[in-house]
Amino acid sequence: MYQECPKCRHTPLPADQSLPAACPACGLILAKYGVVPMRQLAESAPSLAGRPQEVWALLTLVPTRVDAVSFWFRVALWAVFAVWAGRLLLLDIRTGEMGASFLHGPLLVFHEAGHVVFMLFGEFMTIAGGTLGQLIMPGILCGALLIKNRDPFGAAIGLWLVGASLLDIAPYAYDALQPQLMLLGGRTGDDGGPHDWIYLLTKLGLLKRAHGVGYVFYLLGAMTLLISVWWGAWLLWQQRRRLSSNIVLDEDSH
């Protein structure tokens with residue numbers, strides 16, 4: 001039940017918001033809010049940046065009715081990612097344990113693709129493109145699920161991937177000071193292997209602070225993971241109150 005129109009903020013709204021109930025002011029079909037044509041969403045996306053209330057409404061969007069099967073699937077998915085987040089946070093960036101995790105492989109694909117995409121922008125951006133690539137691709141996924149699909153729970157999973165990617169970068173940056181990690185070519189940075197962060201931090205004059213840079217990436221990744229898990233949990237809590245079975249029981253009680 002919406003207390004005010006999610007589009008124009010008009011109040012009051014009809015007490016019964018099932019189809020075909022609409023906002024008296026703008027005509028928005030309340031039960032269909034969130035099911036918006038893809039082209040219309042793409043056109044409205046740029047305007048969201050200047051409207052904090054609309055952004056917040058999008059981040060906290062919960063359907064009027066929630067299918068029970070879909071809800072419990074999301075609960076199971078959230079539990080998997082919550083436990084997975086805990087395991088990732090326990091990995092030691094000093095020894096590069098993240099490199100042995102399952103997630104490192106898919107993120108490495110985005111990393112290498114980033115090098116190729118940013119080749120047009122010079123040597124520094126080509127090297128930095130690996131890190132940018134593995135952050136941008138999950139970010140695009142998160143944004144697409146939120147803005148185009150109006151699926152904040154899916155966006156929370158996309159944000160989780162951004163956090164995991166930051167954790168994946170942390171040991172690589174940390175390793176730049178005293179290279180020990182085995183790189184793709186089978187050598188370490190000390191053996192002349194192509195080590196992105198030795199190059200980047202040397203260019204930036206921060207090589208001696210590589211350990212600190214690594215820990216910054218770790219903290220950013222940890223905070224992003226925790227936010228994504230909390231966001232997903234909050235959305236599920238709100239969706240639980242709108243399960244189709246609960247709505248039917250409420251209607252029957254009246």
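How much space lies in the largest cavity? About 50 Å³ lies there, and the rest of this report walks you through the surroundings of that space.

A word on the basis: this is a predicted model, in which local features need pLDDT of at least 70, side-chain atom pairs count only at pLDDT 80 or more, and totals for chains, interfaces and linings use all residues. Residues are numbered from 1 along each chain as its sequence is written, and side-chain values use heavy atoms, with hydrogens and water left out.

**Overall build.** The protein has 9 helices and 0 strands, where helices (H or I, at least four residues) and strands (E, at least two) are DSSP runs numbered from the N terminus. Of its 254 residues, 39% are buried, meaning under 20% relative accessible area, while exposed is over 50% and partly exposed lies in between (1.4 Å probe, protein chains only).

**Cavities.** Rolling a probe the size of a water molecule over the atoms shows where empty space is left. A cavity here is a set of points, on a 1 Å grid over the protein atoms alone, where a 1.4 Å probe fits but cannot get out; lining residues have an atom within 4 Å of a point. Volume is the space filled by probe spheres set on the points, which are joined across faces, edges and corners. The whole structure holds 2 cavities of 30 Å³ or more.

| Cavity | Volume | Lining by class |
|---|---|---|
| Largest | about 50 Å³ | 8 nonpolar, 2 polar, no charged residues |

Lining the largest cavity are residues including Trp-78, Phe-81, Phe-153, Trp-160, Ser-228 and Gly-232. Helix 3 (68-89), helix 6 (152-174) and helix 8 (210-240) each give two or more residues to this lining, and helix 6 has the largest share, with 4. Around the second largest cavity you will find, among others, Asp-92, Glu-97, Met-98 and Tyr-218.

**Surface patch.** Now to the outside: Val-109, Phe-110, Ile-136, Met-137 and Ile-140 form a nonpolar patch with about 430 Å² of accessible area together. Accessible areas come from the Shrake-Rupley method with a 1.4 Å probe, and for residues only the protein chains shown count as cover. Patch residues have over 30% relative accessible area and no salt bridge, and nonpolar side chains (Val, Leu, Ile, Met, Phe, Trp, Tyr) are joined within 5 Å, like charges within 9 Å. A salt bridge is a side-chain nitrogen of Lys or Arg within 4 Å of a carboxyl oxygen of Asp or Glu. Helix 4 (104-117) and helix 5 (123-148) each supply at least two of the patch residues. Phe-110, in helix 4, is partly exposed at 31% relative accessible area.

Technical notes. On a 1 Å grid over the protein atoms alone, a cavity is a set of points where a 1.4 Å probe fits but cannot get out, and a pocket is an open set with protein on both sides within 12 Å along at least five of seven lines; lining residues have an atom within 4 Å of a point. Ala, Val, Leu, Ile, Met, Phe, Trp, Tyr, Cys and Pro count as nonpolar, Asp, Glu, Lys and Arg as charged, and the others, Gly among them, as polar.
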